[in-house]
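The following report describes a single protein chain from its coordinates.

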Amino acid sequence: MSWERTASPDMVLVRSSRGRARVLHAVVVIFLEFFSWGLLTTPMLTVLRVTFPQHTFLMNGLVQGVKGFLSFLSAPLIGALSDVWGRKSFLLMTVFFTCVPIPFMRLSPWWYFALISVSGIFSVTFSVIFAYVADITEEQERSTAYGLVSATFAASLVTSPAIGAYLSSKYGDSLVVLVATVIAVADIAFVFFVVPESLPDKMRLSSWGFPISWEQADPFASLRRVGKDSTVLLICVTVFLSYLPEAGQYSSFFLYLKQVIEFSPAAIAAFIAMVGILSIIAQTVFLSVLMRTIGNKNTVLLGLGFQLLQLAWYGFGSEPWMMWAAGTVAAMSSITFPAVSALVSHSAAPDQQGVVQGMITGIRGLCNGLGPALYGFIFFLFNVELNVEPMAGTPNTEHKSAIPGPPFVFGACAVVIALLVATFIPERRCLADAKTDSTPKVHAQTATIPLTTPASDTEDIEPLLQDSSM
């Protein structure tokens with residue numbers, strides 16, 4: 001690796017001639033991580049049932065709850081540290097610790113669930129990835145880039161559950177865990193050897209001794225700051241109310257299709273593939289068009305409207321065709337989070353991208369903990385049986401409920417409130433430090449750097465698409 005020094009009147013900038021950071025790097029990292037976990041969809045249900053034969057979904061909610069709460073606590077700290085020391089080291093850390101539990105599924109199920117819970121401290125890959133993308137894209141291109149990253153998440157789930165189910169039925173769960181482990185190791189190696197640093201050298205500190213204030217790391221302090229900022233408060237409340245039902249749905253919906261709607265395993269795999277493919281189209285083609293035509297805020301509102309329709313259909317629908325129709329609507333609702341991420345990014349200064357994305361990811365982490373437990377409790381409250389297999393010798397006495405999916409109806413009510421809150425989000429917000437002070441201070445060099453990108457630094461910005469369209 002060669003280095004060159006560029007002198008300026010105020011500072012000496014050390015730059016590297018390493019390869020450019022690209023959105024493609026973020027896409028590959030996200031795809032490999034979630035593809036490996038998608039393979040484990042079927043083995044996970046088996047291990048849960050064997051390890052916790054009683055109160056399976058209660059224990060699943062507890063494990064996911066601990067993980068989500070730890071993610072909520074750690075996300076602001078990791079986001080703030082990545083703003084100072086760079087994205088790559090923290091991206092490597094989050095991917096490594098998120099994937100560590102995978103081989104323990106066969107080695108020791110108890111250790112597996114324990115590690116899943118603890119891994120929540122570092123399970124904030126999306127936070128670092130979105131900050132990574134923000135470093136290398138122009139502001140007007142950022143929503144398209146976020147949509148591409150989110151679409152990659154959907155793409156990783158198009159085939160991985162079906163592949164995992166096929167390998168499990170043919171060769172057993174051990175092979176599925178082995179394949180998932182190999183893919184996770186490949187993801188870690190890709191980050192270590194291939195992914196370049198995205199944060200410009202001028203924004204990183206040369207020393208690891210820079211103090212991070214407790215105010216930046218404390219998630220509750222950030223929540224207190226949220227309360228003082230009406231725009232961020234509205235965005236965070238919208239994220240919480242919309243993602244809480246989504247997290248609960250993700251934890252139980254496939255089992256709901258099997259037990260209540262009576263989908264076959266093949267139909268479930270086809271359903272996942274269909275929703276995944278449509279989500280890719282929605283988050284690339286439609287998201288870009290909507291952002292250009294109706295704007296950021298209206299795109300968020302439209303996505304919430306689709307989510308409301310989807311959850312209501314899931315809750316009141318009792319026929320398979322209704323689930324398929326609602327699945328198409330669910331794909332369109334997937335535009336909400338990348339649109340919200342773009343809205344947050346537009347409201348943050350370049351050196352604060354990790355902090356604000358960490359805050360949003362922390363709220364999502366909290367929802368990942370609360371959602372599964374809340375859905376399981378509501379199913380229990382309305383006597384909707386979610387056991388994978390009926391007890392031997394027990395007659396089937398279940399009766400059809402007027403509302404087949406009560407948790408989904410609850411989720412629809414939460415999204416109604418989110419929709420109302422989102423209507424008050426300003427269309428465009430300008431931060432004081434981004435507009436009134438165009439030269440933010442860099443602590444390590446005690447020098448000022450223009451907020452706008454100099455002509456000599458144009459190689460740091462990757463134009464995702466020339467016209468920001470797909």
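A nonpolar patch on the surface is formed by I277, I281, V285, F286 and V289, which together have about 380 Å² of accessible area. Patches of this kind consist of residues with over 30% relative accessible area and no salt bridge, with nonpolar side chains (Val, Leu, Ile, Met, Phe, Trp, Tyr) joined within 5 Å, whereas like charges are joined within 9 Å. I281 counts as partly exposed, at 36% relative accessibility. On this scale, buried means under 20% relative accessible area, exposed over 50%, and partly exposed in between (1.4 Å probe, protein chains only).

The model is predicted, so that local features need pLDDT of at least 70 and side-chain atom pairs count only at pLDDT 80 or more, while totals for chains, interfaces and linings use all residues. Residues are numbered from 1 along each chain as its sequence is written, and side-chain values use heavy atoms, with hydrogens and water left out.

**Overall architecture**

The secondary structure of the chain comprises 19 helices and 4 strands. Of the 470 residues in the chain, 53% are buried. The accessible surface comes to about 21,000 Å², and 68% of this belongs to carbon and sulfur atoms. Among contacts (heavy atoms within 4.5 Å) between residues at least 6 apart in sequence, 83% join residues at least 24 apart.

**Salt bridge**

A salt bridge requires a side-chain nitrogen of Lys or Arg within 4 Å of a carboxyl oxygen of Asp or Glu, and the count by this rule is 1. The side chains of D135 and R87 meet in a salt bridge, at 2.7 Å from N to O. Because D135 lies in helix α7 (residues 125–136) and R87 in the loop between α3 (56–85) and α4 (88–99), the pair ties together parts that are 48 residues apart in sequence. D135 is buried, with a relative accessible area of 8%, and R87 is buried with 0%.

**Aromatic pairs**

The whole structure contains 24 aromatic pairs. Rings of Phe, Tyr and Trp (its six-membered ring) pair if their centres lie within 6.5 Å; planes under 30 degrees apart count as stacked, over 60 as edge-to-face and the rest as tilted. Two of the pairs are tabulated below.

| Pair | Centre to centre | Angle between planes | Geometry |
|---|---|---|---|
| F96 and F97 | 5.1 Å | 90° | edge-to-face |
| F253 and F271 | 5.7 Å | 50° | tilted |

By contrast, F96 is partly exposed at 37% relative accessibility, and F97 is partly exposed at 32%. One aromatic cluster is formed by F253, Y256, F263, F271, Y314, W324, Y375 and F408. The C-alpha atom of F408 is separated by 9.9 Å from that of F379, 29 residues apart along the chain. F379 is found in helix α17 (residues 353–381) and is buried, with a relative accessible area of 1%.

**Burial and backbone**

Helix α16 (residues 336–346) is largely enclosed by the rest of the structure, because 11 of its 11 residues are buried. Among them are F337, P338, L343 and H346. T181, in helix α9 (residues 173–193), counts as buried at 19% relative accessibility. Not counting residues up to four places away in sequence, T181 touches I102 and P103.

Which residue has a positive phi although it is not a glycine? E262 does, with a phi of about 65°. Most residues other than glycine have a negative phi. E262 is placed in the loop between α12 and α13 and counts as exposed at 63% relative accessibility.

**Confidence**

The chain averages a pLDDT (the predictor's confidence in each residue, from 0 to 100) of 75, and 72% of the residues score at least 70. Over residues 1–18 the pLDDT is below 50, and this stretch has 33 contacts in the model beyond near neighbours in sequence. Residues 387–398 also have pLDDT below 50, with 6 contacts beyond near neighbours in sequence. Where pLDDT is low, the predicted coordinates should not be read in detail.

Technical notes: Helices (H or I, at least four residues) and strands (E, at least two) are DSSP runs, numbered from the N terminus. Accessible areas come from the Shrake-Rupley method with a 1.4 Å probe; for residues, only the protein chains shown count as cover.
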